[in-house]
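This briefing concerns the structure shown below. The points are grouped by topic.

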Amino acid sequence: MGRIQYFWRHPLAEQVREEGREEGRQEGREEGRIEVSRRMVLRLLEWRRIPVPDATRARIETCTDPDRLETWAERAVHATDAHEVFGEE
């Protein structure tokens, strides 16, 4: 039992834990960025009084690609219809 307790206090174990924490923080930041981008696309359409069908809303809310969401937000600024956000996709 002493050996197991020693491992958890070992500098290598501490380094592995810290790397895991940093990876978790990075994933959290990325998820936050994606969520903000999703909301921005939907808010732009809402502000412009463009109706958003359920299928369109679902597509935006399930997108996990931050670059695609940014493109959709740019398109939402000029769109006259919610489907225009997706372009030729």
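In this predicted model, Asp 65, Asp 67, Glu 70 and Glu 74 come together on the surface as a patch of negative charge.

**Negative surface patch**

- The members of the patch are Asp 65, Asp 67, Glu 70 and Glu 74.
- Glu 74 is placed in helix α4, which covers residues 66-78.
- With a relative accessible area of 49%, Glu 74 is partly exposed; it can belong to the patch because membership requires over 30% relative accessible area and no salt bridge.

**Nonpolar core**

- The largest nonpolar core comprises 17 residues.
- Val 41, Leu 45, Ile 60, Leu 69, Trp 72 and Val 85 have the most contacts inside this core.
- Helices α2 (11-47) and α4 each contribute at least two residues to the core, and α2 gives the most, with five residues.
- In soluble globular proteins, nonpolar side chains tend to be buried together.

- Glu 35 pairs with Arg 38 in a salt bridge whose closest N and O atoms are 3.1 Å apart.
- Glu 35 and Arg 38 are three residues apart in helix α2, so about one helical turn separates them.
- Glu 35 also forms a salt bridge with Arg 39, where the closest N and O atoms are 3.6 Å apart.
- Glu 35 and Arg 39 are four residues apart in helix α2, and therefore are likewise separated by about one helical turn.
- Through shared partners, the salt bridges link Glu 35, Arg 38 and Arg 39 into one network.
- Glu 35 is partly exposed at 32% relative accessible area, and Arg 39 is partly exposed at 48%.

**Positive phi at Arg 49**

- Arg 49 has a phi near 60 degrees, a positive value in a residue other than glycine.
- Most residues other than glycine have a negative phi.
- Arg 49 is located in the loop between α2 and α3 (54-62).
- The relative accessibility of Arg 49 is 72%, so this residue counts as exposed, the cut-off being over 50%.

Notes: Residues numbered from 1 in each chain as written. Predicted model: local features only at pLDDT ≥ 70, side-chain atom pairs only at ≥ 80, totals over all residues. Heavy atoms only, no water. Patch = residues over 30% accessible without salt bridge, like charges linked within 9 Å, V, L, I, M, F, W, Y side chains within 5 Å. Areas by Shrake-Rupley, 256 points an atom, 1.4 Å probe, with all protein chains shown as cover. Salt bridge = Lys/Arg side-chain N within 4 Å of Asp/Glu carboxyl O. Lys, Arg positive; Asp, Glu negative; His and termini not counted. Charge placed at Lys NZ, Arg CZ, Asp CG, Glu CD. Buried < 20%, exposed > 50% of the residue type's maximum accessible area, 1.4 Å probe, protein only. Core = buried A, V, L, I, M, F, W, Y, C linked by side-chain atoms within 4.5 Å.
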